[in-house]
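Hi there,

Here is the structure I promised to pass on. Have a look at it first, and my notes follow below.

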Amino acid sequence: MDSVITAESLAKRFRIYHQRSETLKEVLVDRRRSRYEEFWAVNDISFEVPEGQTFGIVGANGSGKSTLLKCIAGILVPDRGRVSVKGRMASLLEVGAGFHPDYSGRENIYLNGAILGLPRRYINSVIDEIVGFAELEQFIDNPVRNYSSGMYTRLGFSIAIHMDPDVLLIDEVLAVGDESFQRRCMDHIEGMRREGRTLVFVSHAAETVRKLCDRCLWIDHGVQRAAGRTGDVVDAYIGEVNRHETELLRAISADLGGSGPGWMGVRIAGVEMSGSEGEFNSIRTGEELSIRITYQAPEPLRGARFRASFYPAGRDILLSTRTDDAELGGMSLPPEGTVTLTVPQVPFLDGVYGLKVEIEDITSGRQYVEVDRPQAFRVQGGRRFEVGLALIGHRWQVPAADPSAVEVSATG
Amino acid sequence: MASTQALRGPGSASRPRAPQSGPIARRLELLSELVRRDVRARYHGSVLGIGWTLINPLVFMMVYAVVFGDIIGIKGPSGKSYAVFILSGLLAWTFFSQALVMAASSIIANSGVVRKVAFPWMLLTVSSVIAALVNFLISLVLLVPFMILAKAPVGLPLLAIPPLVVVTFGLCLGLGLMLAAGSVYFRDLQYLINLATMIWFYLTPVIWPFTRYEGFFRHGTIGLLAHIVVYANPMTWIVLSFQDVFVFNRWPQHWHGLIYCTVLAVALIWLGIRVFRRLRRRFAEEI
């Protein structure tokens, strides 16, 4: 079984410019050299794709998938290692395959064909098919700059598959375009697989890769994490994605963490939230919410008050409440302890809310310490259809078919 | 893979494979497609279209003839029309400067394609120089009726034009390749080349007759500097040769200069290809 694509310890380095000397003045007068950092977008990747296989490359956004694909396509020259491709290759990188905006779709088809190495007479014989597949019969003689992004993608895809490539590289393009076109693309790709063409398919959509690919490579931050049978690789990739998501959720979870020592060495050791169902990171409107604030101080606190503020992510405070509002006055407290705030029925509607907890001196108003978490918890509206920030008790009155009025009241 | 082979049958039988051009044919086909595009791009949507190829130099010729001939008082070669004199050099010069300017932006202007498709990108530059050449050839054809009107002699020395065009093309191509690749890294080069060709124009004997000022180059430091600049400038010899043919109806006189131009053109193409190949490695990321 011959390898159509061979990559051996492929590595590509990019420059990130901090300051770029591009103009004459900068180079000659300022004598400024461009300052840049280098980073390896793709590092030490090796794989082989046998003829007739569909090869998937999965990874999160920014993991180096597209860079790898561009190295295979020969657009980028690797800094280390080598890659070789046998046979005619066509690629669909991002949207469109590099059209000239001022030229009509038809002219771009000829130009693209020539770029991909097809004789004009061959293009003459398939141009109707290309236009038909792209559903652009009416617009093919208009300049492509007037095309929508969907039309652009359809034309690019249609050209690439009609170029009759031995190797087709596809970079996430199937995500664009309407559903019926996507389905036809998939059918066509399936047909090409049956014909024994070699496909390389880049995606962060694991399920698409699972459906299409025989073998698969997973890269993460430019480094090869796994390679082999699609099922195994995709499972490992999905596992990682799920772990990552769980971690993200944990960031808005029950334990909001504490702070370092503030004024007078007072610190908040921890802020924990709990709902009626124990620990949570999301709560439903109308449920009970408790916030336990654990503090530590070098000596007993005199005349202190606690303040808790709720706010929707990135907006003004919705509710700010202090212990002295509850006529607790300036409290004299032991050096260590826990203060609990309970909201019996959370009024907030669907959304992510922030929580800020402060300890202040009641006479000067000065803050000892604070903990501020812009994404503290999530509220799910549940079955309620009210929209807004908070559920405000209300009542509707409507005339009934019956002359006597019927009251429909909100249960909030 | 047996299963693949088995499945392959119906699909591949129903559709014949597309023919693949050989490496040379492929490049020629792409080149002709690109040239077609570049030539058309120049006059895309203009009313006079290809007429501009001659209108431009004619207008410049008239302006130069009035400003330098009538107002400043530069005289053409004795007994010859100053207008024909200017025009013959101006056409060659226009080709040269246009080719350089078009070549300098040839890669940047096609960034969309360069970023997405790997093919011999050098052809983009070659095509831009050829497009300038096509314009030049059209203007040469249009020059003939003008010469007849101006009662300029036309004869056998016209046969010197094709090799002259080839040498000029070589100079443009060599310099153009370096400019095209350099502009990707250093954008100012595109604008710089406009300025440079403007100054270069006055250093080339297009509007001033070389023979009248030849003596000046032998006196003093400035004369020596001017001597070096003017003699080292390949366009001096190209323009003089065009004037020989079109103004004097004689074979080019400065054959030593033309040998210099030919050697220089070959050297510049060699260097241009080397520079381009070296710089193209990071095109797709820098562009």
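Let me start with chain B: of its 287 residues, 38% count as buried (buried means 20 or more other C-beta atoms within 10 Å of the residue's own, with C-beta atoms placed from the backbone). Please keep in mind that this is a predicted model, where local features need pLDDT of at least 70 and side-chain atom pairs count only at pLDDT 80 or more, while totals for chains, interfaces and linings use all residues. Residues are numbered from 1 along each chain as its sequence is written, and chains are lettered from A and ligands numbered from 1 in the order in which they are written.

Chain B has 13 helices and zero strands (DSSP runs numbered from the N terminus, with H or I over at least four residues for helices and E over at least two for strands). Its C-alpha atoms fill a box of roughly 85 × 45 × 35 Å along the principal axes.

Twelve of the 13 residues of helix 11 are buried, among them Trp237(B), Phe242(B) and Phe246(B). The buried residues pack against helices 4, 6, 7, 9, 10 and 12 of chain B (a contact means C-beta atoms, placed from the backbone, within 7 Å).

Helix 7 (residues 161-185) of chain B also meets helix 8 (residues 188-203) of chain B: their axes come within 7 Å and cross at roughly 135° (axes are lines fitted to C-alpha atoms over the stretch in contact, and angles run from 0 to 180 degrees between N-to-C directions). That angle makes helix 7 of chain B oblique to helix 8 of chain B (under 35 degrees is roughly parallel, over 145 roughly antiparallel, 65 to 115 roughly perpendicular, and the rest oblique). Leu179(B), Gly182(B) and Ser183(B) of helix 7 touch Leu189(B), Gln190(B) and Ile193(B) of helix 8.

Chain A is divided into domain 1 (52-248) and domain 2 (263-380), with bounds from an automatic or database domain assignment. The centres of these two domains of chain A, taken over C-alpha atoms, are 52 Å apart.

Finally, where the chains meet, 34 residues come from chain A and 31 from chain B. Helix 3 (105-115) of chain A gives the most to the side of chain A that touches chain B, with four residues.

Best wishes

Conventions:
Two residues are in contact if their C-beta atoms, placed from the backbone, lie within 7 Å.
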